[in-house]
Amino acid sequence: MNGWLAPGTWNVALVGATVCALIAVSVVRARRGAHVPVRSFPPLLALDRAVADAVAQGRPVYFVAGSQDLDNMQTVAALAVLRPLARKVAEAGGRLFVPTNRSLVMDNAREICRRAYDDAGRGDLWRDDWVAYISDDHLGFVARVDGLIARERPGLCVLMGFFASESLLLAEGGHQVGAVQIAGTASAVQLPFLVASCDHVLLGEELFAAGASLEGDAARLGSLRGQDLCKLAAAACLVAGSLVATLADVTGAQPWLFLRDAFLNVFRAG
Amino acid sequence: MNDRCARIASWLETLDRRWIFLVLAVVVVAALLSGVSTPDRATSVVQPIYDRIENLPAGSPILLSLDYSPSSAPELEPMADALTQHALLTGHPICYMSLYPTGNNMISRVEERVIAREFPQAVPARDWVSLGFQVGGEMLINSLRDSLTARYPTDVTGRPLRDVPALRGVRGLGDFGLIVSLSAGQPGLKEWILYAGDVIDVPLAGGCTGVGAPQFFPYYPLQILGLMSALKGAAEYEAALARGHPEFKAANQPATRGMGPQSAAHLVIVAFILLGNAGLVLRRLARRRSP
Amino acid sequence: MSGVKQRVPQIILTVVALLLIASAFVARPEGSGAPFGQRLLAFADQEFATWFSILAVFAFLLGGLNLVATHLVKVRDRGPDRYYSLVTLVSFLIVLVIGTAKLGGPPGLQGDVTAPGSWLTAVFDAVLSPLHATLYSLLAFYIASASYRAFRARSLESSLLLASALVVLLGRIPAGRHLTAWIPEPLAFLRVEELSLWILRVPNTAGQRALMIGIALGVIALAVRMIAGVEKDPRSGGDGS
């Protein structure tokens, strides 16, 4: 191992390996049948009703998978929500429009929607131009989508994935035509805008949990449990570390100083 | 009285948003035309950036990454201008680069607006160099850690980096005296922190839009030594620069000038928020008093 | 999806991901006598970034072709938005020709297409920059109307949100500083600019860190599932085929 491990990375490797192991073990246990209870997400509970209302009013459903490419995990998480949504819209006999600003996302989204409509037995309804590439430029993209929203007046706008400044422009555009808006993003910066302008919002990691919750896939549910275990471990380390650091500073005793240095060594950045 | 409260509350609740747009536009335009502005002072979050540049050893190069597009230029360009002026006033060569495709144009604008006009005696390649944009985002930062020439064999004019006096002694990112990322999104300051600052412990500072500021405060002060956020951050830096260097031309303080209209806009928004809550109070009063 | 169509991309994903993860933890090779494994990982770390950039260029091509195809169909079929499509196509072609031919700038493969005086720079400065600024400036108006709707003291939590918003709105302008400049020095922490900085540095930082930890774990979990091949491809059918 000497000479192989890059200096200063052993602690990142240790923490990373622990996190991955917890998640992997949880996934394996879930796939073997362990029950994983997941709380309900109000934005997802509202989805069925919102789709039904939009289709009943003869209004299309819009889905925007964020403004980044497939290499962004939030886009992958958004596409995991698109499949069950497309199926719901197909079963209701509605029209789903998915504007994208990356060509690879467009390709994937088109195949997802086509399969979902076929699986729902409504392959006759589906048209490939319901998934369209608009522009790589995020502001050009939002200008076009807002124009389409103003003209087509969708009944439901679902905004999932990574957003930059276009989140508020999209959300206000949807609000203006009276659409129900369900959003979800792990971009902490854009959460306040979506919370202020949308009806329901998935916060942070709830976006990653959304696909698991909608489809009930064992592997995804297992990894949700793994994430929760890691969060518990992180919280425990925070409390323990704060306590140890306080005791080390107050008492100056050697055992506490040693423990404090150990915590700092394991959790230092880089 | 009840009816009146209810009517006013109803009017406030259903206020057409175009009235808000109109009042905001009128107030901001009036503030812009009147030229009103209030001088500012650097807070404890911005001052360390200024102090770092002031205390760098003579001739230490500074890397300035302009990671934004024209939409964020109003907030971030004043920061780029002020940092450029500060670096040139204190004799530190600047190396420009960008993680954004529109970065080359952003760099050109700083060169034309600040260097060509305020520092005509500055010599390209000696006092500043532009490496321009390269695709890759965090992968680019990763590659540049050990060697700039891994992805930038030449600067934008085609000159090999080994022949650039401004980069003498600079092999990788760790050889800069300071790295500043002016960031509007992704890739940006966060990637600089994760892939450069945290890994090779190089002094790193940042500038960001107002929207992005909350996500960067957790990194201050351990991973970034300072943070300029939004036009206010730029105005604070200009204030520090004007106080420390009287030769910094008072006319060229776009951020300080912009704080007038910004103050007006904030006050209008506060007024409308209070108005909206007044409507809420009136509605509750009307309900309580109704038979 | 057929076995080969599923398995080959999965193998590529797993191998590339594991190589890149390992390269972050393995020391850089020193000299030509370094072990093969170290040299392979250093190669992966350096070169894959370039390969991804090349892939991204092909993705641009794919998007461009789709853009042209979509809008040509709209123009041909005389759809309701055909004039917008015509503008899109004409603009696309003009900028494509200007950029490819490097009109107005230094010619040749090494010529800088964004050099001062080039037509592409002129289009950028005269068209794209103002359009970006215009759209971005809409945000100021939209946030005003969204704030008017959202910041109401309906409950304890929303009242706290309202109070924080007012403090930060006033604390981030020089005029706000003057509002509370009268507060004496021992109570300076109550001045609006100090309060706003405290809100950003303490409660906001706590919330952001909690969100960041959760989001990072979500990203890691998704990555582990994708690398291990247990993440269901959303393009697959309901039966997983």
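The following conversation concerns a predicted model and the contacts between its chains.

Colleague: How many residues of chain B are in contact with chain C?
Modeller: In this predicted model, 42 residues of chain B are in contact with 43 residues of chain C.

Colleague: Which helix of chain B gives the most to that side?
Modeller: That is α10(B), with 12 residues. Other helices that each supply at least two residues include α2 (17-34) and α5 (103-118) of chain B.

Colleague: And how do the residues of that side divide by class?
Modeller: On the side of chain B that touches chain C, 21 residues are nonpolar, 17 are polar and 4 are charged.

Colleague: Let us turn to chains C and A. How many residues does the contact take from each?
Modeller: It takes 40 residues from chain C and 54 residues from chain A. On the chain C side, α8(C) provides the largest share, 14 residues. By class, that side of chain C has 26 nonpolar, 10 polar and 4 charged residues.

Colleague: A new topic: helix α5 of chain A. How many residues does it have, and how far does it reach?
Modeller: Helix α5(A) covers residues 138-152, which is 15 residues. From its first C-alpha to its last it reaches 21 Å, close to the 21 Å expected at 1.5 Å a residue.

Colleague: Which of its residues are buried?
Modeller: Among them are A:F141, A:V142, A:V145 and A:I149.

Colleague: What do the buried residues pack against?
Modeller: The buried residues of α5(A) pack against β1 (61-64), β2 (96-100) and α6 (166-176) of chain A, together with α4 of chain C.

Colleague: What follows the helix?
Modeller: α5(A) is followed by A:R153, whose phi is positive, near 50°.

Notes:
Residues are numbered from 1 along each chain as its sequence is written. Chains are lettered from A and ligands numbered from 1 in the order in which they are written. This is a predicted model: local features need pLDDT of at least 70, side-chain atom pairs count only at pLDDT 80 or more; totals for chains, interfaces and linings use all residues. Two residues are in contact if their C-beta atoms, placed from the backbone, lie within 7 Å. Helices (H or I, at least four residues) and strands (E, at least two) are DSSP runs, numbered from the N terminus. Ala, Val, Leu, Ile, Met, Phe, Trp, Tyr, Cys and Pro count as nonpolar, Asp, Glu, Lys and Arg as charged, and the others, Gly among them, as polar. The expected span of a helix is 1.5 Å times one less than its number of residues. A residue is buried if 20 or more other C-beta atoms lie within 10 Å of its own, exposed if 12 or fewer, and partly exposed in between; C-beta atoms are placed from the backbone.
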